[in-house]
Amino acid sequence: MLKKTLLMCVALTFPLMVQAQDTLTLYTSQPNKDAQMTVDAFEKANPDIKVDWVRDGTTKLMVKLRAELSSGVVKPDVLLIADSVTMESMVADDYLYPYLSPYRKRYESSLYNSKGYYYGTKLITTGLVRHLKAPQTPVDWSDLVKPEYNNQVAMPSPLYSGAALIHLATLTAAPSLGWHYYEQLHQNKVRAQGGNGGVLKAVASGTKPYGVIVDFLAIREAAKGSPIEFIFPKTGVSMVTEPVAIMKGAKNKQAAKRFVDFVLSDVGQELVLKQGYLPALDGIGVPAGFPKRENIRLMPFDAAQTLKNNASNKARFSDIFEGK
Amino acid sequence: MDNQLRWLSTGLFILIVSLSVLPSVRLLLEALSQLTFSASSPLAQVLQSERTWGALKNSFYTSGLGAFIAVILGAGFSFIVTLTNVRGRGIWVFFFMLPMMIPPQVTALSWVQLFGPASPMLNTFGIAPAIGSPQPMYSANGIALLLGIQSAPLVFLTMRTQLVSLPQDLIEAAQLAKASSFQIWLDIIFPLCRSALVAGGALAFVSSLGNFGIPAMLGIPAGYIVLPTLIYQQMAGFGNQMLSQVAGLSMIIALLVLMGMLLQQWLQQRSRYALLGHSTHSIAFSLKNWRIPLEILLATILSFILVIPLLALVVSSMVPALGMPLTLNTFTLSAFEEMISRQSVTFRAFENSTWLAFFSALVLMLVSLPLGYLLMRMPLRLRSVIASLIEVPYAIPGIVLAIAFILLFAKPLPFIGISLYGTLSIIFLAYLSCFLSVCLKPVLMAMSQLDPALEEAAQLAGAKSIRRLIDIILPLTAPAFFAGGLLVFLIAINELTVSALLWSAGNETLGVLIFNLDESGDSVMASAIAVLVVVLVAGVMGLLNLCASRLPKGVIPWHD
């Protein structure tokens, strides 16, 4: 009986370690619905490939990935995550596979890595959001530290979200804001827990009438009927590009290359538009609810410097917001 | 003991050691690793960190208050349902037990959907609080309240065991002596169940200490951190480089929980008074005019702790976007449609959870048969030692067990070189370790009720032990195996804490799916999945209820 049991255990666990040849594993920080749309569209265009995907916040996803890498398992073939700084750190640790996609020439050179390690797929800016019944209408970042916003604002934590980490780097580098701004935010009891999804929940459910959030989440939910509106602040917005990259240890590089080509192709970019994001490819328009592309004011951002400062930025943020 | 049995016992000994002892020992080693008296060893760092002490304090507060609420609810309910002639006992008990079987993160989600300025339910009736007012559930007291509701059935069960064995004659004697009902309560019933009350409270405290789903859904958004969520955040934010420190934190919880367990066992042993035998029928105080008001009270409590939150959950799953009221115009099933027909992860999570739950139940049932048989034949002292060893992985919080399994399996297995980390197998093994005692308990209970004469007769006729096990013991105790397995299935299908740290690509469980969806802001879709899970759980429990009359007494915890 026992022997049978043990045999059964072994027999049951074994099939789980075998992988089919034509499956592609994708790690992404896109919301579930978008990730599924992207995968469905890709599978439709490439019927011979099946995609398994996992979604989580960029930071948590990278922790999971690095734990897997250190235990010798490489699960994903392709990454589609929030920001280029995380990608740069993956390049620095030699985890990515360079691929020169034929589609790259149509993109601005700032949107992709010149050696082909990763490609930006869309533009995601971080701005302000308010509940429609909220008494104030903030117009700039500095509004959030005013007394009438005390204990009324939610923002994503850079310890969780890749976009929020870049947002932190952008704002702390701005002469008018700097680290002093973040200290003021903390003093004004701005809540920084979890990712952009948490901010959406807090603002849409009215617990915190104001928030700092990525554009598409707020604009898209508002279009569905959620009582919120997105505001582009006067000083400008920070931006991430949600890059796609192939893992060096990818089991299925050919399929991975096709995935990269797909998201950069016209079909892929129109899907991005349909999902409610600003596409990385210029000239195919903006989704409903967005201002014209040239009217979106981007704050300056230095990727190389940010990568260097990432750890100290996180630690300093954690000291201000969590240390006592 | 013949040869077959010796072979069996060696095998099972190895099994218990690997399933229960190995993870605990590995954790202890890691926590004590690099132990020097300098300030830089991981354990010293943990003990110096203010966050540790803050989380410890918060854990004590929420679990303490939670246990208090659980005692009030659970004891009150068991007094009314066990000792009075209230109508429809079975139904009350079934609905009172339901919160324990509903996954904690679903309970938390449904309560969050109930309150707050944008509650679809309150907005539908136009009574939502003002914008910007805080969500009352995102607080220490909110966490404590839900912990209390979640663990009230534990107190209920502990109390009920004591109450059904209260001696009828003692009370009849008091009644003959013209004692008032109040005096009977004060002088007879209360003293006899005082220890059971404290033991139930200790049990509720321990289970609240290890609860992850409720403080994760309610505490993390408010920055209120307890020990299990601190461990989760450290692991999720910084990864395996935190393992030594996290192991230290885990040891703190494990120690607290073990202390609670010992206290509870000690009290329960003390509470076994030598009463004048078991009464054949339980006591029924006649309620007379009080019956209807009391029944209304029960119904009100149940609607507050169960029906209204679940209704809020259903309402929230049927609006197009967060923060909208449910009206005829806004009603939509698109969240269900999206999750069921488009999201591949839904199907995968249902498949994974069902697979894990089914095979955990099956394997544990198969293991429990020889293990229970063996345990019944051991000297009492040895049996109780082994029984407590099996109890350990169930008692220590899931998050601690998950850390232990990461420590054990982070590197590829020696000799065969296969890595279990990041596969469904590691969750499967953790479930086996976690739920062994859940399955074994009813089996042991059924075996202890067997008449040894049957087996002795078979032995005289020359049947070897394996033969006797399969031909005599198994058929006679089969209902208990079935019930144990079904309980494991029910608990495992909703499991979140262990899988929250162990899941990986393609290995999402239902608990993880709901938690992640809610965390990413897709609360409407999370609610839709939660509704489906509640339907599933209530269905399986109902099924179990239908079989109740064919099962031995005491096997289904919520049934007489």
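This is a predicted model: local features need pLDDT of at least 70, side-chain atom pairs count only at pLDDT 80 or more; totals for chains, interfaces and linings use all residues.
Me: What makes the radius of gyration of chain B agree with that of a compact globule?
Reply: For 560 residues, a compact globule would have a radius of gyration near 24 Å; chain B has 25 Å, which agrees. The C-alpha trace of chain B spans about 75 × 75 × 55 Å along its principal axes.

Me: How do you know that the radius of gyration of chain A agrees with the globule rule?
Reply: The rule, applied to 324 residues, gives a value near 20 Å, and chain A has 21 Å, so the two agree. Along the principal axes, the C-alpha atoms of chain A fill a box of roughly 70 × 55 × 40 Å.

Me: Which helices and strands do the chains contain, by number?
Reply: Chain B has 23 helices and zero strands. Chain A has 11 helices and 13 strands.

Me: Why is helix 22 of chain B called mostly covered?
Reply: A residue counts as buried when its relative accessible area is under 20%. In helix 22, residues 510–519 of chain B, 10 of the 10 residues are buried, hence the description.

Me: What makes the pair D52(A) and K50(A) a polar contact?
Reply: A polar contact requires N or O atoms within 3.5 Å, one able to donate a hydrogen and the other to accept it. The side chains of D52(A) and K50(A) make such a contact at 3.1 Å, and the distance therefore falls within the cut-off. D52(A) lies in strand 2 of chain A, residues 50–55.

Me: Which residues does D52(A) touch, not counting residues up to four places away in sequence?
Reply: D52(A) touches L24(A), T25(A) and L26(A) of chain A, and R348(B) of chain B. Touching here rests on heavy atoms within 4.5 Å.

Me: What share of the contacts in each chain joins residues at least 24 apart?
Reply: In chain B, residues 24 or more positions apart account for 78% of the contacts with a separation of 6 or more. In chain A, the share is 76% of contacts between residues at least 6 apart.

Terms used
Residues are numbered from 1 along each chain as its sequence is written. Chains are lettered from A and ligands numbered from 1 in the order in which they are written. Side-chain values use heavy atoms; hydrogens and water are left out. Helices (H or I, at least four residues) and strands (E, at least two) are DSSP runs, numbered from the N terminus. The radius of gyration is taken over C-alpha atoms; the globule rule is 2.2 Å times the number of residues to the power 0.38. Buried means under 20% relative accessible area, exposed over 50%, partly exposed in between (1.4 Å probe, protein chains only).
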